[in-house]
Amino acid sequence: MTAHLDPRGDVAVLVPAAGAGVRLGPGGPKALRLLGGEPLLVHAVRRVAAARGVRQIVIAAPPADVAFVAELLAPIAEVTVVPGGADRQSSVSAALSAVPVDVDVVLVHDAARALAPAALVESVAEAVRGGAGAVIPVLPVVDTIKEVDAAETVLGTVDRSTLRAVQTPQGFRRDLLIAAHAAAIAAHTDDAGMVEKLGERVICVPGSDLAMKITRPIDLVLAEHLLTHEAGSST
Ligand SMILES: Nc1ccn([C@@H]2O[C@H](COP(=O)(O)OP(=O)(O)OP(=O)(O)O)[C@@H](O)[C@H]2O)c(=O)n1
Ligand SMILES: C[C@](O)(CO)[C@H](O)COP(=O)(O)O
């Protein structure tokens, strides 16, 4: 059944989904690879659409698959589909252009984090509404982290107590995200990184194990397992 978005909601969610999935291996664009019989993108959009306050969802799709993605998602939720770019940053920029001026809160959420729960979307949006200009969900780093040189010789051990692993959805005041993308010169691996360059504050909220990024083949195996047990988990 098609989910109805909230016409009075204040949130637009941009879903960059145009990546090739090189690290996952052959099999087509990653967002269209199957998890539990459905494309990753379908899982991601279904969860985003279930979150309170979401008025608009914009997908940055592989350019050759724009019509296919629109058809694929029509039964899931009302979405806008735009062609993505050569890297994540340009895909997010393309999706951002489709957001109307009266939307206050913009979230950016990887299709590759297909199982991120609606509750996480809501908590990030709520933190932006609460006055934070930029909000990222994070988890503690659980491995010991070493710095190495070009020859893979260890230079030292990093203090992990001040490190966080960063997830999506990342949330922003719309004007701040537009300014950050307009000012970005270098390539950034996430949107908060561009906001940091502006000297603006970025705050952290608790992330979710379910928001893991499906990057390598093992992640798909783990995600299949999480999907099976999802009903019993809310983290
Ligand atoms: N040109 C690109 C590259 C990435 N993405 C999206 O950004 C998210 C995070 O990127 P990542 O997990 O690195 O996906 P890929 O780029 O597909 O992976 P890889 O680097 O292994 O090719 C994904 O949802 C991906 O579809 C995008 O919209 N446009
Ligand atoms: C945005 C992101 O998911 C936050 O962890 C991550 O930076 C994307 O990185 P990738 O190298 O494009 O997978």
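A: Start with E152, which sits in the loop between β8 (145-148) and β9 (154-158). Helices (H or I, at least four residues) and strands (E, at least two) are DSSP runs, numbered from the N terminus. The model is predicted: local features need pLDDT of at least 70 and side-chain atom pairs 80 or more, while totals for chains, interfaces and linings use all residues. Residues are numbered from 1 along each chain as its sequence is written, with chains lettered from A and ligands numbered from 1 in the order in which they are written.

Q: Why is E152 called exposed?
A: E152 has 7 C-beta neighbours inside 10 Å.

Q: What makes the phi of E152 worth a remark?
A: Phi of E152 is near 65 degrees, a positive value in a residue other than glycine. Most residues other than glycine have a negative phi.

Q: How do you know that V148 is exposed?
A: V148 has 10 other C-beta atoms within 10 Å, so the exposed label applies. V148 lies in strand β8. Leaving out residues up to four places away in sequence, V148 touches T153, V154 and L155. Contact here is C-beta to C-beta, within 7 Å.

Q: Why is E78 called partly exposed?
A: E78 has 13 other C-beta atoms within 10 Å, so E78 is partly exposed. E78 is in the loop between α2 (66-73) and β5 (80-83). Beyond its neighbours within four places in sequence, E78 is in contact with T2 and L5. Its C-alpha is separated by 23 Å from that of L177, 99 residues apart along the chain.

Q: What makes V105 buried?
A: V105 has 24 other C-beta atoms within 10 Å, so V105 is buried. V105 belongs to strand β6. Its contacts, not counting residues up to four places away in sequence, are D10, V11, A125, V128, R129, G171, R173 and R174. V105 and I76 are 29 residues apart in sequence and 22 Å apart in space, C-alpha to C-alpha.

Q: How does the reach of helix α4 compare with what is expected?
A: Helix α4 (residues 118-129) has 12 residues and spans 16 Å from first C-alpha to last. The expected span is 1.5 Å times one less than the number of residues. For α4 that is 16 Å, and the helix reaches close to it. After α4 comes G131, with a positive phi near 120 degrees.

Q: Where on α4 do its buried residues lie?
A: The buried residues are L120, V121, V124, A125 and V128. Seen down the axis of α4, they fall within an arc of 130 degrees, so they line one face. The arc is that of the directions from the helix axis to the C-beta atoms. These residues pack against β1 (11-16), α1 (40-49), β6 (105-108), β7 (134-140), β11 (170-173) and β12 (203-206).

Q: How do you know that the buried residues of α5 line one face?
A: Helix α5 (residues 174-183) has R174, L176, L177 and A180 buried. Down the axis of α5, these fall within an arc of 165 degrees, so they line one face. Turned away from that side are the exposed residues D175, A182 and A183. The cover over the buried residues of α5 includes α3 (88-96) and α6 (191-197).

Q: Which residues touch the most other members of the largest nonpolar core?
A: They are L14, V15, V45, I57 and I59, in a core of 68 residues. Helix α1 gives the most to this core, with 7 residues. A nonpolar core joins buried Ala, Val, Leu, Ile, Met, Phe, Trp, Tyr and Cys residues through C-beta atoms within 7 Å.

Q: Why is the bond from T168 to P169 called out?
A: The peptide bond is cis, with omega near 10 degrees. Most peptide bonds are trans. P169 is in the loop between β10 (164-166) and β11.

Q: Which residues are around ligand 2?
A: The shell is R88, D110, V166, Q167, T168, T189, D190, K213 and T215. Each has its C-beta atom, placed from the backbone, within 6 Å of the ligand.

Methods:
Buried ≥ 20, exposed ≤ 12 C-beta atoms within 10 Å, placed from the backbone. Contact = placed C-beta atoms within 7 Å.
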